[in-house]
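Hi there,

Here is the structure I promised to pass on.

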Amino acid sequence: MAEKKINKIRENINQVDAEIIKLLAERRKLSKKVVESKEENDQPIRDLNRETKLLSQIISLGKKFGLDSHYVSKIFYDIIEDSIRLQQKHFQSSFFDNGTDVIRVAIQGIEGSYSSLAAKKFFAQFEKEIIFITKKRFDEVAKEVEEGRADFALLPIENTTSGGINEVYDLLLHTTLSIVGEETYKVKHCLVGTKNSSIAKLKKIYAHYQAASQCDKFLSTLPNCAVEYFADTAMSVQKIAAENNPEFGAIASEDAANLFDVKILQRKIANQEENYTRFIICSRKAQDVDFRIPSKVSLVMATPHISGALVKALTVFKNHNINMGKLESRPILGNPWEEMFYVDFDGNIKDQRIQDMLDELGIHTRFLKVLGCYPSRDITKAKLIHLHKENKETNEQKFAEPEPKKKKSIKRSYKLASREYKPEDTIIKVRDVEIGGDNFIVIAGPCSVESHDQVFACAREVKENGGRILRGGCFKPRTSPYSFQGMGFEGLNELEAAGNKYDLPIITEVLAPEQVFDVAKQADILQIGARNMQNFSLLKEVGKTHRPVMLKRGMMSSIDELLNAAEYILAQGNRQVILCERGIRTFETTTRNTLDLGVIPFLREMTHLPIIVDPSHAIGVRDKITPLAKAAKVVGAHGIMVEFHPDPPSALSDADQALTFEQYKNLMSELEDL
Ligand code: PEP
Ligand code: MN
């Protein structure tokens, strides 16, 4: 009898559940209609006032029926979130639509890893089948997308327990990919083992190092168990499944355990129950985010080596009323005690307000790269904040397409290089040398690094006579393929050692994009030679480094072309560009080139960038260099670069223009007297 009664009640429950499901589906349909009408009327997706009102009405209705407010709000948060996601999807699905019903996603690790689970969560909204391209390392994941073998990369960027994922931050600095989305995934670590295993039997646990650090309290309760690090959580499960040894366990998600059909020995082993990993989705193409979707911008910046520089940069965010969500610092590889700052803030890159802020920020940074603009996933947070506080700003103000502000328009084809963009001189600080502003510096050294003794003798001479930077070509751009091509990295090692011994920053030329990253590890300044002034892939590559770049004017280039070439570097993020006038080709053949000193006062007006004059390559004859060098100082250059050699006639390149040490010494004292 009692059983019959229960069955009847259960039947009723089933009916109610079915009704709930039908109503949820009905609500979704209405949400879709809302989004269509929002599109027609150009209205924003979020209506926080309405959401707040809706929740309070629902909560008081719930109270009438005896439902407590916590229960009701929890359910309705989910319902509202679903509706918002649906609407967000509507406005961005075209970006994720590649015209097929599959999408190729590159991840680190194998299927079953947290990355694969987060990818499934993110791409579920676009109803596409995922083909995973699995890689061992994060840089390989990015490469798959850069080279077109995958549509998107999904990379973990931070975890609420163990913090930022350093390799991914470092990777973002160099990749050409844009961040186009983010996803958070709740990490639920479990201890898993083979079917006949138990916690007591375990002798070894395979774990990803991040997972191990997030569960270290639990692991310390198993003193007899060794932890062996593994590249990826799912792979560690795969390994124990394959080895089938009851003494081996792994830390992984429940999904990975199910995928590889192993036993869960204990759930909830993480130090923090609320353990989330945030992932970013990257693509070759930047996303043009609809103004109606709340969005975020991520950027990376480095501030100048002067005190208070970071505060100045951060004040720009404050002055423009930009809500900064995150600030993370990472050391710059190869530069001890120098840091790059990663910033996330609310806003849309298309918004003139944001563009103005970025323009101003660019003035206070020596490196600035926007990593991407993407719809914010942080729905719950925004809603909770606005639920509890007076919503002063109306949604219309918050999300409406901003009025384009009237700005001083810069008509030239370059912007960042122009004086209009930055009225004050750029001063580039390399070690303790300041280039630009009111400073006049001398860069000197051999045309090519030829041997240990040669470059050390030159370095000593530079230092003794007041030169500030040591030059030396290691990769030489020679007119004839049979001429000496330089000592390559062997030469760079010598140049670096000589620079270190005499405490002189070093400058050397890069010839090819693939060299840039490695040369930048050792050289303080990268030189782009005259023959490469419009080698755009090389310009873009040096633009991604944090090293100052000296860009030489092409032999057949106008200064407009020179400034546009500088713009290529600046636009990539690197705001430390030095221009160099080294003589151009004219019909005159007496001199190697014609030094165009007349442009220096114009350049000083047109750009804020420092300008160096190279009289050596202009005139080509050692006896005529000194007067040109002096003239360069008089017309307003920020410095000169000259070539010398311990034994000029024996120089392996540009022997005719190499000064003797004696000539260099005299030149320095004549410049001093000016
Ligand atoms: C150099 O500085 O060694 C050099 C090759 O210069 P340019 O590119 O001006 O010829
Ligand atoms: Mn030379």
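This is a predicted model: local features need pLDDT of at least 70, side-chain atom pairs count only at pLDDT 80 or more; totals for chains, interfaces and linings use all residues.

Let me start with Asp524. This residue sits in the loop that links helix H17 (513-522) to strand S21 (525-528). Is Asp524 buried or exposed? Its relative accessible area is 9%, so Asp524 counts as buried, the cut-off being under 20%. Its side chain has two polar partners worth a look on screen. One is the side chain of Arg431, with a polar contact at 3.2 Å. The other is the backbone nitrogen of Ile506, which lies 2.8 Å from a polar atom of the Asp524 side chain. Leaving aside residues up to four places away in sequence, Asp524 touches Val430, Arg431, Leu504, Pro505, Ile506, Arg547 and Pro548.

Now for the ligand site. Ligand 1 is surrounded by 13 residues, and the closest are Arg471, Ala530, Arg531, Lys552 and Arg582. By class, this shell holds 7 charged, 3 polar and 3 nonpolar residues.

Which side chains place an N or O atom 2.8 Å from an oxygen atom of ligand 1? Those of Arg471 and Lys552 do. For Arg582, a polar side-chain atom lies 2.5 Å from an oxygen atom of the ligand. On its own, ligand 1 has 290 Å² of accessible area, and the protein covers 97% of that.

Happy to hear what you make of it!

Best wishes

Key: Residues are numbered from 1 along each chain as its sequence is written. Chains are lettered from A and ligands numbered from 1 in the order in which they are written. Side-chain values use heavy atoms; hydrogens and water are left out. Helices (H or I, at least four residues) and strands (E, at least two) are DSSP runs, numbered from the N terminus. Buried means under 20% relative accessible area, exposed over 50%, partly exposed in between (1.4 Å probe, protein chains only). A polar contact is a pair of N or O atoms within 3.5 Å; within protein, one must be able to donate a hydrogen and the other to accept it, and residues adjacent in sequence count only if both atoms are side-chain atoms. Contact means heavy atoms within 4.5 Å. A residue is near a molecule or strand if one of its heavy atoms lies within 4 Å of it. Accessible areas come from the Shrake-Rupley method with a 1.4 Å probe; for residues, only the protein chains shown count as cover. Ala, Val, Leu, Ile, Met, Phe, Trp, Tyr, Cys and Pro count as nonpolar, Asp, Glu, Lys and Arg as charged, and the others, Gly among them, as polar.
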